[in-house]
Amino acid sequence: MRAALLLLAALLASPAFAASVYVTSISRTEVSVIVDGAKTYRLRPGQATPEDVTLVEIQGQRALFDVSGKRWTLGLGQSTVSETQIRA
């Protein structure tokens, strides 16, 4: 019973979805991002946000991120979320 409760607690504590990341600026030393559409961060390589977004490295005008274990290479104005608009 105790093992089942510990497993349940671990599952509830883990994030169900990875954070979304939108790149607003890239310089030689840092990248500015909006995480989950709400919080703004200025990250240097190696720094992480509380939402588990880590800036791995800056590659010219692109930035390599680790977002909850998945690697993303994003440029200015790009996001980890694709947007689809449906028009009637």
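Predicted model: local features only at pLDDT ≥ 70, side-chain atom pairs only at ≥ 80, totals over all residues.
Let us start with the overall layout. The protein contains one helix and six strands, and reading from the N terminus the elements follow the order α-β-β-β-β-β-β. Of its 88 residues, 28% count as buried. The accessible surface of the protein amounts to about 6,400 Å², and carbon and sulfur atoms account for 56% of that.

As background, strands of a sheet pair through backbone hydrogen bonds, either parallel or antiparallel.

Strand β1 covers residues 21-26 and pairs with β2 in the antiparallel sense over five bridges. The two strands form a hairpin, with four residues between them. Along this pairing, Val-23 stands opposite Val-33 in β2, and Ser-25 stands opposite Ser-32 in β2. On to the other partner of β2: five bridges join β2 to strand β3 (residues 39-43), again running antiparallel. Here Val-35 has Lys-39 in β3 as its bridge partner. These strands too form a hairpin, this time with three residues between them.

How enclosed is β2, which spans residues 31-35? Four of its five residues are buried, so the strand is largely enclosed by the rest of the structure. Val-31, for example, has contacts in several places: leaving out residues up to four places away in sequence, it touches Val-23, Ser-25, Ile-26, Tyr-41, Arg-42, Leu-43, Leu-55, Ile-58, Ala-63 and Phe-65.

The remaining strands make another sheet. This open sheet of three strands has the order β4-β5-β6, and its pairing is antiparallel. Strands β4 (53-59) and β6 (70-75) stand at the edges with a single partner strand each, so one side of each has no neighbour in the sheet. The twist from one strand to the next averages 25 degrees. Between β5 and β6 there are six bridges, in the antiparallel sense, and Phe-65 stands opposite Trp-72 in β6.

What about the hydrophobic side of things? The largest nonpolar core has 16 residues, and those touching the most other members are Val-23, Val-31, Val-33, Val-53, Leu-55 and Phe-65. Each of β1, β2, β3, β4 and β5 supplies at least two residues of this core.

Asp-66 is worth a visit next. Asp-66 lies in strand β5, which covers residues 62-67. Is Asp-66 buried or exposed? Its relative accessible area is 19%, and because the cut-off for buried is under 20%, Asp-66 counts as buried. Its side chain makes a polar contact with the side chain of Arg-71, at 3.5 Å. Beyond residues up to four places away in sequence, Asp-66 touches Asp-52, Val-53, Thr-54, Val-56 and Arg-71.

Finally, two residues stand out in backbone geometry. Most residues other than glycine have a negative phi. Asp-36, though not a glycine, has a positive phi of about 55 degrees. Asp-36 sits in the loop between β2 and β3, and with a relative accessible area of 45% it is partly exposed. Asp-52 has a positive phi of about 70 degrees, and it is not a glycine either. Its place is in the loop between β3 and β4. At 39% relative accessibility, Asp-52 counts as partly exposed. Asp-52 is also one of the residues that Asp-66 touches, which brings us back to strand β5.

Methods
Residues numbered from 1 in each chain as written. Heavy atoms only, no water. Buried < 20%, exposed > 50% of the residue type's maximum accessible area, 1.4 Å probe, protein only. Polar contact = N/O pair within 3.5 Å; in protein donor to acceptor, adjacent residues only side chain to side chain. Contact = heavy atoms within 4.5 Å. Pairing = 2+ DSSP bridges. Axes fitted to C-alpha atoms, helices over the stretch in contact; angles between N-to-C directions. Areas by Shrake-Rupley, 256 points an atom, 1.4 Å probe, with all protein chains shown as cover. Core = buried A, V, L, I, M, F, W, Y, C linked by side-chain atoms within 4.5 Å.
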